[in-house]
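The tour goes stop by stop, with something to select at each one.

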Amino acid sequence: MPIRLENVAIAVRDLEEAIAFFADLGLAVIGRDTVSGEWTDTAVGLDGNHAKIAMLQTPDGQGRLELFEYIHPDAIETEPTLPNEIGMHRVAFSVDDIDEALAIAARHGCHPLRGVATYRDVYKLTYLRGPSGILVMLAEELQKH
């Protein structure tokens, strides 16, 4: 059976803030909607599901990120995920220039958790907190072909 990753979905406090952050990093908004009704209750498994959503796509067309802001029921605030917690961890992006990507993130008040590391002279990478506390990894390949 063929399988491919469709998207990663992330609940956010403020949809517009999250869209601005990811769009500045280079993702394009390819769709927006407000969804509710029996079909969403069934698909999501949550009665009264009503949310604003946006689908974003990486420039290569291979990666998609679905962001959603709940209208009903109220969103539940949680502590931001730590890198060693079990469960949904982070979303990672390859970037051509990590310094440029970090400058863009900084304009949104988002900074590395600890700094930029180099992995075996192959990648420069870092984790940062994006909008709504989302863990985001940025990685720049050092040995570009």
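Select D97 and D99. D97 caps the N-terminal end of helix α3, with a side-chain oxygen 3.0 Å from the backbone nitrogen of D99. That is a polar contact: a pair of N or O atoms within 3.5 Å, where, within protein, one must be able to donate a hydrogen and the other to accept it, and residues adjacent in sequence count only if both atoms are side-chain atoms. This is a predicted model, where local features need pLDDT of at least 70 and side-chain atom pairs count only at pLDDT 80 or more, while totals for chains, interfaces and linings use all residues. Residues are numbered from 1 along each chain as its sequence is written, and side-chain values use heavy atoms, leaving out hydrogens and water.

Helices (H or I, at least four residues) and strands (E, at least two) are DSSP runs, numbered from the N terminus. Which residues of α3 are buried? They are I98, A101, L102, I104 and A105. Buried means under 20% relative accessible area, exposed over 50%, and partly exposed in between (1.4 Å probe, protein chains only). These residues cover an arc of only 160° around the axis, which puts them on the same side of α3. The arc is that of the directions from the helix axis to the C-beta atoms. Their cover includes α1 (15-24), β7 and β8. Just after the helix, G109 has a positive phi of about 75°.

Strands pair if DSSP finds at least two bridges between them. β5 and β8 (residues 135-141) pair in the parallel sense over four bridges.

D99 in helix α3 and K124 in strand β7 are 25 residues apart. Their side chains meet in a salt bridge (3.9 Å, N to O), meaning a side-chain nitrogen of Lys or Arg within 4 Å of a carboxyl oxygen of Asp or Glu. K124 is partly exposed, at 22% relative accessibility.

Last stop: E6 and R64. Their side chains form a salt bridge (3.4 Å, N to O). E6 lies in the segment before β1 (8-11) and R64 in strand β4 (residues 64-72), so the pair ties together parts 58 residues apart in sequence.

Conventions:
Contact means heavy atoms within 4.5 Å.
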